[in-house]
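Colleague: Please display the model, and then let us discuss its helix packing and its chain contacts.

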Amino acid sequence: MVFNNPLSSLFGKSPISPLQSHMTVVVSCTELLCDFVTAAIAADWQQASNVFDRMSELEHEADAMKRKLRLHLPKSLFMPIDRTDLLNMLSQQDRIANRSKDIAGLMLGRKMVIPQGLEQPMIEFVSASVEACRQAHKAINELDELLEVGFIGKEVDFVENLIRELDALEDRTDQLEQEIRHSLFEQEKNLPPIDAMFLYQVIDIIGEVADLSQSVGGKLQLLLAR
Amino acid sequence: MTLFAEYGQILIILACVFGVFMAWGVGANDVANAMGTSVGSRALSVKQAIFIAMIFEFAGAYLAGGEVTETIRKGIIDPAVMAGQPELLVFGMISALLAAGTWLLLASIMGWPVSTTHSIVGAIVGFASVGISASAVDWDKVGSIVASWVVSPLLAGALSYMLFRSVQRLILTQDDPFMRAKKIIPFYMFAVGFLIAMVTMLKGLKHVFKDVGIHLSFGQCTLIALVIGLAVMALGTVLLSRVKPDLEAERVNRFANVERVFAILMVFTACAMAFAHGSNDVANAVGPLAAVVNVVKSGAVEAKSTMPHWILLLGGVGIVLGLATYGFKVMGTVGKKITELTPSRGFAAELGAAATVVLASGTGLPISTTHTLVGAVLGVGLARGIAALNLRIIGTIFMSWLVTLPAGAGLAILFFYFFKGLFS
């Protein structure tokens, strides 16, 4: 006998753990940026290329997970969190991985040389961006606990604290970005103009990774506010 | 009645066979829904669930199944209209059993969601209104039954919503939810014990007490129920004290250990659910059977006849048989699909549904346990307690009503004329 049981078909698949797994993959992709930049500064392009390949793989994996989750979220699903917010959060998460890969791709393609004196600030800046992404992951990882308590009480305060810390981390990357831009501005006349242009662009995208991480936190806050 | 003298034995045997078949269907199919929530949340293994279901379905059927059986037996059809033609009632009830059983089997094979309650009510209304006359049906009663089908999921939803809200406030949002759970949960256990004991004494055992000459006032019943509630609470406290926090599980989810405490509570609510289900759904099978036996034995339709107890017993046996032969399989399937339901939610849904069903059993209203449980789960969902619920199922349930009522009725009419032609 085949049973189309009303009770078992009542339960849809929870989007929360796929969303968290997606973010885990995104973070592991972004974290590789540190390795990549270190290799690039050392002009070890073989190693850099290896890291880039791994980042590509992870980015593809995140893409596939994103697509799968989207397909499993029909409109008829009744969830404690808004479907639109959830999907926005997902695409925001996905863009973090995309942009991280873009940074590595751009630097690898041009065999970009970081000007003297900028190496250390650059590593610091990238680390700060990655840190923001990790913090966003930490907040997303609280979603299952939030569901457990039904999105009220102390757990909400706890997550809001995490988001506040995330905002602070993003502020710090903004500050580092300003400093690094200023240093670059002082040297740009001595650099080939095209190289300088692309350097500015890479710095821009590294900042964007932190921005996107912050906006993932912002979306999470929207979910809580409902 | 020469017909009953000649064929009485055969008619009773037929009714028994069809009645047990219906009860088997209830046990094989419906019980899985009642217990699936406990299996799905991993509070119980399938084996444990079957064990609990066998005991408490049987207890529910035997101790508190009387009122709904009365409704099915003589509430839907007006006995006064039937007094002159008792054989038609016998043919009708046998047809209704056969029709509902056939329809359930067919629907199960095709994978359509149907309710035993709706099939049998549709079948009885069908044969009575077409085969006899529209005035043979007590339409007021039918109206209130249909209304209860809408009200019961809503009520269960409201109860479960409030139960889950109380769990949030009292336990989940507190500083040490694990310790709070151990402190608060015994009170929910008390409620379970009190509720079941109260309904059993007020409604179910009324007849048994009358037979042995015991009369208990409402106050005495309350007192006994209080004592039973406290006993359940004490048993629960002992079980709860054995739950030690598992630090390994806590690393993955900070509430893993709280859920383990709720899993103990779910054993109790599962008992209540099985009891409630037995008290309401066994009537679908034994109600028509009781009507047949009564009429054949006395040769007339009597409004004041009492029901022999072996009939409820037979229904209980049928349910247990269904469970043992097929129910475990269905339960496993249902349980596997509802793993998203954790014990803290499962308990709220089960208790809300069980309370509603037991209440309906006490008032003699045949309702669908499955639909009530669906309403209860949606109630927990409204309290933002469940990750994803498929709302399309509500439409499916309404569709199954629209199809099941006429299908049960149509088949019953067909069988009714068949039996009428066969025996006369």
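Colleague: How are α7(B) and α13(B) oriented to each other?

Modeller: This is a predicted model, in which local features need pLDDT of at least 70, side-chain atom pairs count only at pLDDT 80 or more, and totals for chains, interfaces and linings use all residues. Residues are numbered from 1 along each chain as its sequence is written, and chains are lettered from A and ligands numbered from 1 in the order in which they are written. The axes (lines fitted to C-alpha atoms over the stretch in contact, with angles from 0 to 180 degrees between N-to-C directions) of α7(B) and α13(B) come within 8 Å and cross at roughly 140°. Angles under 35 degrees count as roughly parallel, over 145 as roughly antiparallel and 65 to 115 as roughly perpendicular, the rest being oblique; α7(B) and α13(B) are therefore oblique.

Colleague: What is the distance between the end C-alpha atoms of helix α3 of chain A?

Modeller: Helices are DSSP runs of H or I with at least four residues, strands runs of E with at least two, numbered from the N terminus. The expected span is 1.5 Å times one less than the number of residues. For the 28 residues of α3(A) this should be 40 Å, and the end C-alpha atoms agree, at 41 Å.

Colleague: Which residue of β1(B) is the bridge partner of A:F78?

Modeller: Strands pair if DSSP finds at least two bridges between them. Strand β1 (residues 77-78) of chain A is joined to β1(B) by 2 bridges and runs antiparallel to it. The partner of A:F78 is B:L389.

Colleague: Which element gives the largest share of the side of chain B that touches chain A?

Modeller: Contact requires C-beta atoms, placed from the backbone, within 7 Å. By this criterion, 37 residues of chain B meet 31 residues of chain A. The largest share, 5 residues, comes from α14(B).

How values were computed: Two residues are in contact if their C-beta atoms, placed from the backbone, lie within 7 Å.
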